[in-house]
Amino acid sequence: MILNEVAAGQQIGFPILTVLTFLPFLGAVVIWLFQKDEDLILKSALAVAGLEFFISAVLFWHFTPNSAHIQFAERASWIPAIGIGYHLGVDGISVLFIPLTAFLLVLIMVYSWDAEKTLLKPYLMALLALEGTMIGVFASLDLILFFVFWELMLIPGYFLIKLWGPGADRQYAALKYVLYTLTGSVLMLVGIVLLNLNFHTAAVASHTEPLYSFDLVDLLTVPVPPEQQALIFFLLFFGFAFKAPVFPFHTWLPTALVEGPIVMSVLLAGVKLGTYGFIRFSLPLLPEASRSWMWVMAALGLAAIIYGALIALVQTDFRRLLAFSSISHLGFVMLGLFALNFQGLQGSLLQMINLGFSTAGLFFMVGFLYTRTGSADLAAYGGLAHRVPLLATFVLILGLASIGLPGTNGFVGEFLILVGAFRAHWVLAAVGVLGVILGAAYFLWYYERAFFGPAAASALKPLQDLQPREWGIAVALGVMILWIGLYPAPFLNMINGSVQALADRLEQGSRVQAVRGSEPAATAQRAVR
Amino acid sequence: MFDLIVILIPLFPLLAVVANGLNVLLGHRYSDEIAHRLGWGSVLASFVCAFWVVQHTLGAPAPRTVVVYRWIFGGDLTVNFGFLIDPLSCVMLLVVTGVGFLIHVYSVGYMHGEEGFTRFFAYMNLFMVSMLLLVMGNNYLVLFIGWEGVGLCSYLLIGYYYDRVSAAKAATKAFVVNRIGDAGFLLAIFLVFANFGTLDYTDVFAQAAKLTPTAATAIAVCLFIGAVGKSAQLPLYTWLPDAMEGPTPVSALIHAATMVTAGVYMVVRNHAIYDLAPAALLLVGVVGAATALFAATIGLVQTDIKRVLAYSTVSQLGFMFLACGVGAYAAAIFHLVTHAFFKALLFLSAGSVIHALAGEQDIRKMGGLWKAIPVTHGVFLIGTAAIAGFPFLSGWWSKDEILGHAFTHGHYFLWFLGATAAFCTAFYMSRLLYLTFYGESRVDHDAAHHLHESPRVMLAPLILLAVLSVIGGLIGVIPGGLENGWFHQFLRPVVSVSKGTAGHEGGPLLPYILMAVTTVIAVGGWFLAHYFYQLKPDQPDRWAAKLRGAYALLLNKYWVDEVYDKTVVEPVKRLGRRCDAVDTGVVDGAVVGVRRLNEASAAASTWVEKYVIYGGLNVTGFANHLASRVLRRLQTGLVHHYATILVAGFVLLVNLIVLFFWVGGGS
């Protein structure tokens with residue numbers, strides 16, 4: 001598989017991905033310099049997030065759709081002796097995640113305006129640092145660079161849960177989150193090294209330079225021997241599955257989402273890093289192993305769909321319900337990925353973005369409820385449709401998107417995933433649709449008990465309905481949900497090219513197209529900046 | 001021009017939804033007056049456009065596709081957001097917009113002064129949009145937007161009085177039960193795509209012949225599962241009676257005239273596939289006939305005026321599926337149309353009764369109302385006669401056609417079920433009429449005091465619907481007689497059965513004999529009710545006592561809800577609780593267990609804590625370190641060194657496991 005590159009210099013004239021990756025860090029430092037005024041700190045954090053979102057919109061706008069090329073590429077050498085390079089670039093697989101992350105961060109900053117009062121400065125710095133590392137993860141094409149961002153993410157994440165979590169067990173939750181991810185990433189690192197070694201063996205055998213590389217583009221040109229693929233596949237699997245999290249490695253997620261602050265829940269549930277890892281690295285690098293383990297992976301997906309939904313059905317804590325619905329949704333994503341065909345991949349990729357609006361959006365809504373009632377439990381709710389009609393409306397819209405009602409974004413993703421699953425084997429889809437039924441059951445049953453019902457019993461404490469800033473958040477999410485649901489063309493055009501290339505590779509196996517640098521234009525573009 | 005008008009049909013109500021919806025969200029910037037004008041005005045505009053489109057289709061009945069834009073695409077899948085205009089969608093368009101308009105007008109009076117007046121019209125218009133997408137879509141997925149969209153609106157409107165617990169429960173139940181059907185429908189869509197590589201009706205039906213019998217049966221059965229959910233057939237009908245929690249105009253529009261008939265429309269639309277699957281067709285017929293009889297028997301003893309009508313709707317929908325099952329697709333649509341007239345009429349006049357009695361729905365507290373509300377009484381009488389099948393009224397023509405077709409095509413058992421159901425229908429509808437309007441008044445004193453006829457804005461739609469209930473059947477007979485009427489000729493290009501299943505000739509007299517039988521059934525049912533509730537009013541109680549078991553069975557609706565609760569709902573919840581316990585106990589327990597295992601070795605914890613908290617950077621450094629060290633060792637290219645790397649990884653892992661201890665000991 002050969003990924004041609006278009007350099008950032010040619011495409012837009014400045015290293016946009018470097019800017020996107022490091023602007024939040026810079027912003028964090030700038031905020032650090034504003035010593036006193038809380039208002040100013042908030043405003044500048046919002047400004048940084050806004051600027052970041054604007055630049056990511058520029059990226060979105062200038063991205064050439066229907067192309068499998070790597071775009072806005074930047075290269076610089078870092079540790080050439082062992083093949084580690086600074087290589088950034090986006091293609092259809094990764095491009096949507098960057099505006100999504102930036103979008104969520106803007107909403108988070110707006111949300112924090114009212115919701116967070118303690119230790120404001122380090123809080124905002126941690127959020128910006130987290131944004132930088134996330135964007136770095138999506139922009140990196142060098143596996144070590146990717147790994148660095150992947151690990152760095154844990155630092156702000158850890159502190160956000162530990163210091164700003166509302167739950168009593170936040171310390172435990174933070175540590176559990178970090179340890180789980182860390183355990184997985186150690187194994188993943190071993191897998192990455194093995195990939196490098198494989199590249200090295202091939203380079204020595206064919207007397208080509210460079211001898212070592214951690215670069216995805218290079219690694220893709222060297223097929224991994226099928227007998228080694230399974231080992232590497234599972235090493236990477238643990239890294240990604242723990243992070244995603246894939247059933248049955250999910251137990252850190254409910255803890256983190258319940259104990260941690262809402263903003264962290266939004267990012268954990270909204271930015272699907274783990275499953276991104278699968279589609280970015282595991283599938284293209286190890287197509288044979290992906291195929292031979294397809295049934296196991298798809299079965300894990302199905303198990304997660306049913307298991308997560310069943311548990312969500314009986315929750316009384318809204319955050320815990322969303323945590324398990326998130327696990328169920330990730331099951332859909334896994335199912336689509338390991339259908340290993342065009343629609344499955346396309347649907348999964350789109351669904352990862354969709355969940356960034358629907359599930360993450362629902363976490364914002366829980367946050368709004370939490371600030372009003374001081375609780376996320378059913379016991380404190382009831383008759384909310386009367387008490388906070390606007391909020392109830394938006395919860396319903398987001399919830400319907402999350403259970404895949406046609407007309408919302410969730411449907412487009414879920415439908416494509418199930419089409420892909422059906423084409424892989426009809427049983428996969430036949431079991432998968434059970435999740436469609438259970439999804440409606442757990443969400444609507446909860447909605448019935450929390451939002452409907454007599455207002456009299458709950459009229460004890462009058463609640464304020466949505467305030468202007470909250471309005472803004474809810475409307476922004478609602479617009480995205482309907483946009484992708486009714487007119488997904490711009491998004492599909494952006495991802496289709498790369499999805500097609502990946503689907504072809506999964507179809508043909510890694511040995512085809514193993515010759516490197518066939519197009520002179522591509523090699524010419526490699527020397528960027 | 002044509003395309004534009006077609007697009008305008010769903011667009012008008014959509015604009016009204018946006019306007020009224022924003023008005024609700026932004027805190028009622030304009031009055032209820034403007035809200036309802038937007039509500040019914042947009043539907044009227046749709047009706048006018050639909051009428052124009054139908055007029056242009058009359059001359060040129062060839063199907064026309066209008067593609068608005070590309071919706072979901074990539075790889076070999078392309079789904080357009082597009083509409084298909086052919087005789088079938090034309091008929092549905094007229095019914096939906098026409099009856100919809102009348103019900104919207106009626107609602108202005110009925111919902112007057114309600115708290116959520118604007119919200120009501122926003123939901124109703126959203127329903128119109130969804131229903132129009134459902135009948136106009138040119139492929140399965142646009143149909144499915146409408147399909148689930150009407151389900152959503154049904155949910156919202158059943159739960160309109162959301163502070164009533166029963167309404168909230170009924171809303172959830174309706175949505176979830178419908179989703180079971182929708183899951184089947186989704187599978188059908190996947191099957192269609194897998195077999196044809198497209199989801200467009202025209203392409204699919206053109207290639208339908210290439211289906212294997214197994215595939216055709218699979219698609220047909222999966223589609224029918226969807227229809228069973230949406231159209232409230234056995235065994236998924238239980239949501240519809242509960243749906244009566246919604247305001248009465250909602251029951252008339254959604255749960256009688258339009259949405260619940262979507263399943264019938266869908267089966268007829270796909271008849272090219274059903275024709276290839278005789279087994280599936282038989283299933284449709286049997287389920288339809290069984291539902292028709294089953295629901296009719298429950299209707300015999302119900303005491304809530306709206307619930308009687310609800311069971312009668314379930315039963316009439318059964319007739320439509322019975323028609324599909326015996327291949328009488330045109331008759332199914334014909335009955336759909338006449339049913340839309342008389343059932344909307346019955347619901348709306350029941351609403352008028354409820355309105356007059358300030359909310360009372362129990363027929364045991366009615367009686368003798370005909371003097372107080374004469375117009376309502378008159379139209380209700382017409383509706384009852386039409387549904388019972390009195391000669392020359394609309395229901396008589398369509399029901400007779402269905403039963404006749406079943407008989408002449410050799411489905412004697414289905415005919416028998418249908419005829420029995422028709423008898424029950426005539427009986428329970430007449431019973432409803434007698435208990436409500438005739439005999440001694442049993443009205444509460446307070447309510448009797450306020451008894452009043454409904455305002456004109458409610459009566460006008462009633463009268464129009466009554467007229468349609470009387471003469472509506474003529475579209476099926478004029479000018480060519482039964483099965484050669486205008487209606488059937490218009491539909492013929494769409495619904496003609498591809499494989500001939502010609503009925504046997506039963507002699508020229510057979511149709512008239514069957515007609516006579518239908519008539520006798522209707523009159524017989526009426527007479528029995530007349531006997532029970534007019535001549536010998538003490539008889540019903542005596543019979544109820546005599547047949548106590550059967551009476552209890554019917555009164556409790558065969559305990560189906562209770563059985564579902566015990567066998568499905570509760571077990572699923574129990575399973576959920578068990579999974580939850582397993583998740584905290586076993587899955588998470590394993591993680592916690594590792595931590596406990598290490599509780600003894602406290603010494604290393606301080607070191608590890610530092611290591612983790614500043615871990616991100618350290619790990620990065622360590623990663624480089626590890627990588628370079630391993631690489632140096634492996635420059636020989638020996639694959640066996642993988643083991644070394646694994647060990648290194650393992651060492652790290654052990655460190656981390658120790659950390660779990662820290663969690664246990666430290667926090």
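How many helices and strands does chain A have?

1. Chain A has 24 helices and three strands. Both are DSSP runs numbered from the N terminus: helices are H or I with at least four residues, strands E with at least two. The radius of gyration of chain A, over C-alpha atoms, is 22 Å, close to the 24 Å of the globule rule (2.2 Å times the number of residues to the power 0.38) for 529 residues, so chain A is as compact as a globular protein of that length.

2. This is a predicted model; local features need pLDDT of at least 70, side-chain atom pairs count only at pLDDT 80 or more, and totals for chains, interfaces and linings use all residues. Residues are numbered from 1 along each chain as its sequence is written, with chains lettered from A and ligands numbered from 1 in the order written.

3. In chain A, 67% of the 529 residues count as buried (20 or more other C-beta atoms within 10 Å of the residue's own, C-beta atoms being placed from the backbone).

4. The contact takes 69 residues from chain A and 62 residues from chain B; two residues are in contact if their C-beta atoms, placed from the backbone, lie within 7 Å. On the chain A side, helix α8 (residues 170–206) gives the most, with 16 residues.

5. B:V379 sits in helix α16 (residues 374–388) of chain B. B:V379 is buried, with 24 other C-beta atoms within 10 Å. Leaving out residues up to four places away in sequence, B:V379 touches B:L345, B:S349, B:L462, B:I463 and B:A466. B:L345 is 34 residues from B:V379 in sequence, yet 7.4 Å away in space, C-alpha to C-alpha.

Conventions: Buried ≥ 20, exposed ≤ 12 C-beta atoms within 10 Å, placed from the backbone.
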